[in-house]
Amino acid sequence: MRKTNDVMHRRRKEGQFAQVMHRLRKNKAAMLGLSIVLVLIVLAILSPWIMPYDYTKMDIKNKYATPSADHWFGCDELGRDIFSRLLYGSRASLSLGLLATLLSTAIGVVLGSVVGYFGGKVDTVIMRLLDIFQAIPGMLLSIAISAALGSGFGNTIIALSIGGVPMTVRLLRGSILTVRKQEYIEAAEKINCSKLRIITSHILPNAIAPLIVSVTMGIGNTILQAACLSYIGLGVQPPTPEWGAMLSAGKSVITRYPHLCIFPGLCIMVIVLSFNMLGDGLRDAMDPKLKN
């Protein structure tokens, strides 16, 4: 009987997933965003083999060279090819966005599950502590943590992830409080299911949908915050190229050589917009009101 119920539950979940994917495929903006994201991820992975020049190679003769057939996006203040640096720099920008968002989500899921399921004093203590963190603007908190820990890839991930934890906890907590009242949760408790099994097998799968949308849109926001940290010198440091750092390097000569800022800025805009379009599409696809 238990195996039969597990099979029926799995088939129901597969049917729901198919419905979500069907609605998502019908959303042209979401599919465009997904396509751009996938293309950029593939380019980031293959960048060491497809970039036309070594991103560290300097050529003073091409200092501040404007876009041409040889250098599609021009060259920077050291004669380095901007297109190659943007291509390789996508690794750092995408990795920061993905890893920081996944880390904050993992912490948020653990805390949100605890406060949502157990409630009481645990809920009060954890939520009041998160209120303190949330009282500080996210960007300001990231700057303060990054300044305290120092610059670098790992420290930047920590600085970006901490600011996203309170929102994740609140979102998941609210969703779990709704699911917590359902009859199948009471039934699982009556047959002495362990609390860990109830949370992981019954509560989280039915409360995770809003979080998936939030995570997708949060990746774009995290990439933007990472670029801001690099722009002010607290993110990824040279010689590793990163889009925000490239923007910062070109700001002093933007009036004479605007291409140094235009192309990194466009890359940041495109990736953030793509994740936002994908997140909007997922939100519409997962909205229960849209079900027939």
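**Salt bridges in a predicted model**

Student: Which side chain meets Asp-123 in a salt bridge?

Tutor: In this predicted model, the side chain of Asp-123 takes part in a salt bridge with an N to O distance of 2.9 Å. The pair links distant parts of the chain, with Asp-123 in helix α4 (residues 120-134) and its partner in helix α6 (residues 153-179), 50 residues apart. That partner is Arg-173.

Student: Is Asp-123 buried or exposed?

Tutor: A residue counts as buried when its relative accessible area is under 20%. The relative accessible area of Asp-123 is 12%, so Asp-123 is buried.

Student: How does Arg-173 count at 23% relative accessibility?

Tutor: Buried requires a value under 20%, and exposed a value over 50%. Arg-173 has 23% relative accessibility, which lies in between, so Arg-173 counts as partly exposed.

Student: In which helix do Arg-128 and Asp-131 lie?

Tutor: The side chains of Arg-128 and Asp-131 meet in a salt bridge, at 2.8 Å from N to O. The two residues are three residues apart, about one turn of the helix, and both lie in helix α4.

Student: Which residues do salt bridges that share partners join into one network?

Tutor: One of the salt bridges is formed by Asp-76 with Arg-85, where the closest N and O atoms are 3.7 Å apart. Both of these residues are buried. Through shared partners, the network joins Asp-76, Glu-77, Arg-80 and Arg-85.

Student: How many salt bridges are there?

Tutor: A pair counts when a side-chain nitrogen of Lys or Arg is within 4 Å of a carboxyl oxygen of Asp or Glu. By this rule, the number of salt bridges is seven.

Note on methods. Residues are numbered from 1 along each chain as its sequence is written. This is a predicted model: local features need pLDDT of at least 70, side-chain atom pairs count only at pLDDT 80 or more; totals for chains, interfaces and linings use all residues. Side-chain values use heavy atoms; hydrogens and water are left out. Buried means under 20% relative accessible area, exposed over 50%, partly exposed in between (1.4 Å probe, protein chains only). Helices (H or I, at least four residues) and strands (E, at least two) are DSSP runs, numbered from the N terminus.
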